[in-house]
Amino acid sequence: MNANILLMLVIIPLVAAILILAIRRLSEIIALLATGSMLIIAIALFRQNLTYSLSLPWAGFGIEFIFRLYHFSAFILLAITAFAFLIVLYSCSFMHGKNYVNQFYSYLLISAAMANGAVLADNFVLLLFFWEGLLVTLFGLIAIGGKEAFRTATKMFIIVGVSDLCLMIGIGLVWYLTGTLTISKITVPLNTLGCTAFILLMIGAISKGGSMPFHSWIPDAAVDAPLPFMAFLPASLEKLLGIYLLARITLDMFKLTTGSWLSILLMTIGAITILLAVMMALIQKDYKKLLSYHAISQVGYMILGIGTCLPIGIIGGLFHMINNALYKSCLFLTAGSVEKQTGTTDLNKLGGLWSKMPVTAVCFLITAASISGVPPFNGFFSKEMIYDAAMERHPIFYIAALLGSFLTAASFLKLGHAAFFGKRNQENENTKEASLPMLIPMVIIAAICVLFGLYHRSAVGTFLTPILTEQFVEHDASVLLVTLTAIVLILAVIHHIIGTEIHGGGVKAADHIHHAPVLGGIYDKAEKRLFDPYEIGLKIVNVISKILSFMDKAVDWIYNSMTVNSAYAASDTIKNLNTGNYSLYIIWSLAGGVIVLIMMLKGFGS
Amino acid sequence: MTINIIIITALVTSALWTAMTVRLLRSAVGLAITSAILAILMFRLCSPIAAVFELSVCAGLIFAIFISAITVTGRITNEQIVLKKKLRLRRFWLLPVIVIIAAIVLTQIHFHAIFNLPAQPVENNVKIILWNMRHLDLLGQVVILLAGAFGVVILFKEWKND
Amino acid sequence: MLSLFLLLPLLGIIALNLPYKGKKDTVALLYVLLLSVGQAIVVLFHPANFWHMPDFWGRFFHLALYADNLTLVLILSIGIVMSAAVLVAWQTISESKSRLNFINLALVALIGMNGTVLLTDIFSLYVFLEVTAISSFILIAFQRDLNALEGAFKYIVLSALATIMMLSAIAALLLFSGDTSFASVSQAVKNNCCNPIIIFAITLFVCGLFIKGGLVPFHGWLPAAYSAAPAAVSVLLAGIVTKVAGIYVLIRLVRDVFGPVGAINDILMIVGIISIIIGALAALKQDDFKKILAYSSISQVGYIILGLGCGSPLGIAGAIFHLFNHSIFKSLLFVNSAAVEKQTGSTDINKMGGLGAKMPFSNASCLIATFSTAGIPPAAGFWSKLMIIIALWQNGYHAYAAVAILVSVITLAYLLAIQRKVFFGILPDELKNIKEAGIWIVLPAATLAIIIIGVGVFFPFLFNSFLVPVSNFFK
Amino acid sequence: MTNDMSQLFWMCSIGGILVFIIGIYCILVTFNLIRAIIGLELLTKTVTLFLILAGYVTGRTGLAQALAITLIVIEVVVIAIAAGVILCVFRHNKTIDVKLLRNIKG
């Protein structure tokens with residue numbers, strides 16, 4: 001196969017996106033065709049398992065257009081294209097009849113193109129180009145949700161923009177340190193500057209992944225943006241990209257070792273993200289919002305896994321990445337089905353849907369079990385690997401991860417209970433199962449979850465092990481850890497049952513945590529977005545801007561009175577000097593000549 | 001040497017008169033005289049052909065141009081001259097002073113220079129030099145004369161509203 | 001075949017003035033367009049056998065002509081600006097006889113300018129400067145408008161002063177060189193570089209050229225002449241005449257003939273920076289479209305001189321490039337002013353407003369020229385200014401570089417004032433029925449705008465193929 | 001010989017410089033356009049003198065004469081054009097007063 005095929009992965013969706021904008025009526029078909037053909041190309045490339053490299057002349061100055069395909073990127077490509085295809089399929093039904101359908105598809109395809117490009121890019125500037133392109137489509141996808149969505153979009157734009165700026169500076173630093181922009185050739189020593197560069201790049205990567213503290217736009221977007229967008233971008237695509245980049249910088253470029261403090265930093269970020277986000281998730285009363293906090297929380301596991309710098313942790317992190325992409329997108333899709341069929345995602349208004357929407361309910365059950373780490377679903381195995389690695393580094397990380405697991409399970413018990421079981425709401429009597437194009441992607445993803453769980457060894461062996469340079473032999477999970485996990489899960493169930501008993505209802509099963517003495521206050525503030533770095537930043541910026549505006553006025557005044565007025569005064573003087581009398585002009589010329597002569601003779605003297 | 005000094009003094013004097021005299025017509029005559037004296041000086045500086053040119057063109061043609069210009073713009077009456085004399089004197093009295101001071105200062109400077117005399121005898125025949133070696137200048141002259149003709153046609157053309 | 005640059009226009013003048021009847025003005029227009037576009041094309045496509053072909057006329061005439069890369073740049077600019085000016089004249093002058101007169105004089109100016117850039121003799125230089133100057137005097141005065149006459153007279157007086165300075169310098173140089181060719185003058189200056197008479201002569205010559213080029217404080221005639229001249233003449237005068245007569249000659253003499261004698265580089269830089277500042281400041285509070293452009297011209301010429309005075313190859317290349325750019329963007333601005341003047345009958349920018357909607361082409365091209373003048377990418381002027389500023393910085397003239405950058409802001413301010421007052425804002429009632437200027441104004445404006453953008457965008461290619469050789473010539 | 005030459009040169013130069021001063025003064029001070037042109041003419045005389053002088057002292061009278069002749073021809077044309085401009089001004093203003101030729105200011 002020709003290496004030019006790599007270009008097709010970017011060109012096909014772009015062309016399709018333009019076509020969709022032009023031909024409104026055929027948007028679904030074009031999108032399906034485009035994503036389908038991309039998927040086929042990606043499968044073919046993955047099966048070939050070769051390393052391709054494509055280099056085209058571009059801007060010069062070391063900025064080259066290089067695409068490089070190897071095992072890791074082929075795998076990510078496969079995942080991206082597969083998700084793109086499934087989500088487009090789902091959207092065919094979900095988005096039907098809504099406004100901006102063609103814009104939605106077009107942005108979605110451009111996002112896919114940009115993501116493909118970013119994964120394939122072997123040059124940092126090229127990567128940045130696609131990365132920023134993704135930012136733009138992200139903005140567009142959120143913004144088509146409506147007026148409130150525009151605010152969220154702006155919020156996202158600023159948060160991601162700032163972290164992308166960090167990425168840019170980091171790239172600049174790397175360039176300065178190594179003298180090259182070709183990613184596969186870069187090896188950076190971890191001295192002070194190297195560490196700075198790593199942190200900057202890491203910020204870019206994990207903020208794309210949605211880790212704390214760059215997360216706060218995701219829950220907002222969950223409310224405002226079209227749902228397939230959530231399933232596609234924050235749930236799967238962004239995680240894939242962010243973690244892909246994180247893995248590449250930690251594994252290939254900086255060669256982080258277990259001894260480095262950066263590893264601890266990563267693990268700490270991971271652990272904090274897991275805990276805080278899942279705490280927030282636990283108290284949510286909205287299907288989509290709850291999921292979106294989990295989307296943040298799960299990133300923590302991946303960062304924790306990769307941050308351990310142990311083979312098993314890295315493999316676990318990457319495995320968790322793909323697993324999370326699977327079950328999280330499926331979960332969002334079930335949310336979409338519920339929203340489409342019942343018209344709401346408020347958990348208080350839902351309930352007892354399992355008999356009405358059995359397929360959705362089964363899919364939800366499988367994926368919820370998966371995310372909670374119930375064996376034998378895939379989430380269990382990846383989490384076990386991360387636990388293993390975390391335990392090896394320090395028990396505290398393990399405990400954090402395990403606690404996260406407990407809360408995850410608890411929150412999903414609550415979600416499932418509230419949405420699909422329990423008392424049926426009167427309004428939902430006439431609810432029907434979702435349509436086929438919506439069910440197919442859910443079922444496929446749920447099936448993959450089960451398959452990955454059952455055949456986790458071969459999945460890891462096929463997809464992930466080749467990424468590592470060193471030999472990795474998967475060993476059986478340690479009995480102790482599995483036992484602890486099981487205990488935790490059982491505890492979660494018990495907690496849920498007790499909670500339901502106390503508060504009388506699935507939705508309120510976690511209310512005692514919500515209203516616990518200290519936590520209650522914190523939760524209230526968090527709900528009011530007091531802890532949102534963006535909001536805090538806005539306040540700070542407001543104060544600074546007031547100060548600056550005052551200073552600006554002062555400077556303006558000085559500028560006006562000094563510079564402009566003096567320039568005008570000088571201008572007037574010059575105008576008045578030009579009297580129109582040519583004798584005067586002759587005198588100027590002669591005087592100028594005399595001065596020039598004196599200078600010449602002085603220069604000649606010296 | 002003495003003759004040269006006399007000629008140069010005469011040149012300066014006539015130039016001064018040209019500048020100072022009240023009547024424009026006299027001024028033009030003064031210019032012609034200055035040209036003639038310059039021509040004499042040029043004769044003495046071994047440049048006869050240029051001197052003839054100077055005499056015929058400057059003392060002749062340019063004098064004619066000035067005379068015609070002065071007649072068109074109108075000659076002034078005697079009363080106006082009396083009136084103007086005082087005003088002019090106020091502006092021009094400084095000129096002879098400056099000239100005399102400059103002359104004294106300049107004559108005090110001891111000037112000595114070695115000039116670059118040609119090693120081999122050079123062609124000094126004006127005709128040969130002008131006609132054989134300076135074609136570009138001749139071309140320029142032709143073009144300038146053409147331009148002058150256009151200028152005269154354009155600027156001296158009768159005015160329609162006259 | 002270099003003599004064709006002089007002989008073909010001469011032939012044209014003679015043929016046009018033969019006594020016969022017919023549509024002389026159309027023929028004349030086509031002929032002068034053919035010549036000026038032709039000379040631009042000859043430069044651009046650079047057919048080797050044209051430039052190196054032995055001169056057929058050389059058997060009869062001794063025209064010691066010589067062309068190097070600097071000459072080529074100038075020939076190109078002359079061709080472009082001349083064709084623009086002639087087209088504008090065609091639009092702005094309606095009378096057939098006046099058109100013919102204009103074209104005759106334009107041909108004279110063409111001979112003068114081509115001769116000036118091609119010749120290699122310091123006295124012939126004077127002759128051809130006079131040819132150029134005399135044709136410009138008549139061109140300024142030829143509508144016999146009182147203001148134009150005033151401008152012409154001031155130009156005549158100051159130009160005569162410059163001529164006399166240069167001739168005295170030639171006489172003084174003749175004392176040492178014994179000949180008037182560039183080579184022997186250069187040799188004489190080299191051999192007697194410490195002689196006060198030589199220094200004096202060079203100073204006189206350079207000051208004469210400062211007057212011709214309109215640098216502060218030698219600039220008195222320039223605003224009057226530029227602003228009072230008929231529209232088409234302003235294009236010609238501001239675009240190319242003073243650039244050839246003053247700036248090109250300055251570059252040629254200072255670099256090739258005199259060499260860096262005494263403090264000449266310092267003087268060039270000081271005069272340059274003073275011109276930049278004074279020109280820009282004076283332009284700031286003008287009400288007259290053309291006068292703003294005239295002062296802007298002074299300021300921009302200052303940049304050229306500054307680059308020249310900096311002395312490094314990059315600086316000189318920047319100066320030459322800016323010379324080219326200046327001739328393009330300044331003629332474009334004057335074409336725009338011609339369009340506005342033709343349509344509104346005035347050049348007072350306070351009486352205008354909102355013309356942008358009515359005259360979109362003029363507006364857009366004026367904006368492009370503004371960008372080029374102020375040095376905003378991707379217009380061509382950005383690169384030349386950048387080159388000059390980098391050259392200044394590299395040679396340690398940080399203060400000069402800073403001032404050059406600062407004045408760019410003032411440049412933008414006064415040019416945007418034109419934009420704001422003329423093209424934006426509210427359309428006065430008396431200008432409601434205004435239309436875009438005719439095709440012969442729009443066409444050159446569009447072409448010049450395209451050249452500016454094209455040169456700006458393709459600058460990286462031009463840099464190596466075109467500009468580096470130009471500066472290398474001086475080594 | 002050279003000393004004599006030197007002396008003659010200097011003497012003529014003094015004459016030229018004095019005429020130059022007179023010419024410049026004339027242009028600067030006069031209120032009459034025609035006299036301004038006469039001043040210019042005086043300046044040109046100086047230059048002619050200088051050229052011839054330079055040719056004489058360096059023994060290249062032929063070249064100097066050729067240059068001087070060219071100069072004289074050009075000078076006539078310039079004077080003619082200037083006179084034409086003055087006549088046009090006279091037709092506008094009915095006077096040739098310099099003070100009325102100061103419309104373009106600033």
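How many residues does helix α11 (residues 287–307) of chain A have, and how far does the helix reach from its first C-alpha to its last? The points below take up this helix and then the other features of the predicted model.

1. Helix α11 of chain A has 21 residues and reaches 31 Å between its first and last C-alpha, close to the 30 Å expected at 1.5 Å a residue. Just after α11(A), C309(A) has a positive phi of about 65°.

2. Also in chain A, helix α4 (residues 101–120) packs with helix α5 (residues 124–143) at an angle of about 160°, and their axes are 8 Å apart. An angle over 145 degrees counts as roughly antiparallel, and α4(A) and α5(A) are therefore roughly antiparallel to each other. The crossing of α4(A) past α5(A) is left-handed.

3. Which residues of α4(A) and α5(A) meet? From α4(A) the contact takes F104(A), Y107(A), L108(A), I110(A), S111(A), M114(A), A115(A), G117(A) and A118(A). From α5(A) come L127(A), F130(A), W131(A), G133(A), L134(A), T137(A), L138(A), G140(A) and L141(A). By class, the residues of this contact of α4(A) with α5(A) are 13 nonpolar, five polar and no charged.

4. The contact between chains D and B takes 61 residues from chain D and 71 residues from chain B. On the chain D side, the elements giving two or more residues are α1 (2–29), α2 (33–57) and α3 (61–93). Of these, α3(D) gives the most, with 25 residues. The side of chain D that touches chain B has 42 nonpolar, 14 polar and five charged residues.

5. Chain D also touches chain A, in a contact with seven residues from chain D and eight residues from chain A. The chain D side of this contact divides into three nonpolar, two polar and two charged residues.

6. In chain C, helix α16 (residues 360–374) has 15 residues, which at 1.5 Å a residue should span 21 Å; the end C-alpha atoms are 21 Å apart, in agreement. The helix α16(C) is mostly covered, with eleven of its 15 residues buried. Among the buried residues are S362(C), N363(C), C366(C), I368(C) and F371(C). The buried residues of α16(C) pack against α13 (289–310), α14 (313–344), α15 (355–358), α17 (380–394), α18 (398–423) and α19 (439–457) of chain C. Just after α16(C), G375(C) takes a positive phi of about 80°.

7. Some backbone features deserve a look, because most residues other than glycine have a negative phi, and most peptide bonds are trans. V216(C) and P217(C) are joined by a cis peptide bond, with omega about 0°. P217(C) lies in the loop between α9 (196–213) and α10 (221–228) of chain C.

8. R144(C) is not a glycine, yet has a positive phi of about 55°. R144(C) is in the loop between α6 (122–141) and α7 (146–177) of chain C. Is R144(C) buried or partly exposed? A residue counts as buried if 20 or more other C-beta atoms lie within 10 Å of its own; R144(C) has 19 and is therefore partly exposed.

9. K94(D), also not a glycine, has a positive phi of about 60°. K94(D) is found in the segment after α3 of chain D. The limit for an exposed residue is 12 or fewer such neighbours, so K94(D), with 11 C-beta neighbours inside 10 Å, counts as exposed.

Terms used. Residues are numbered from 1 along each chain as its sequence is written. Chains are lettered from A and ligands numbered from 1 in the order in which they are written. This is a predicted model: local features need pLDDT of at least 70, side-chain atom pairs count only at pLDDT 80 or more; totals for chains, interfaces and linings use all residues. Two residues are in contact if their C-beta atoms, placed from the backbone, lie within 7 Å. Helices (H or I, at least four residues) and strands (E, at least two) are DSSP runs, numbered from the N terminus. Ala, Val, Leu, Ile, Met, Phe, Trp, Tyr, Cys and Pro count as nonpolar, Asp, Glu, Lys and Arg as charged, and the others, Gly among them, as polar. Axes are lines fitted to C-alpha atoms, for helices over the stretch in contact, and angles run from 0 to 180 degrees between N-to-C directions. Angles under 35 degrees count as roughly parallel, over 145 as roughly antiparallel, 65 to 115 as roughly perpendicular and the rest as oblique. A crossing is left-handed if the near helix is turned anticlockwise from the far one by less than a right angle, and right-handed if clockwise. The expected span of a helix is 1.5 Å times one less than its number of residues.
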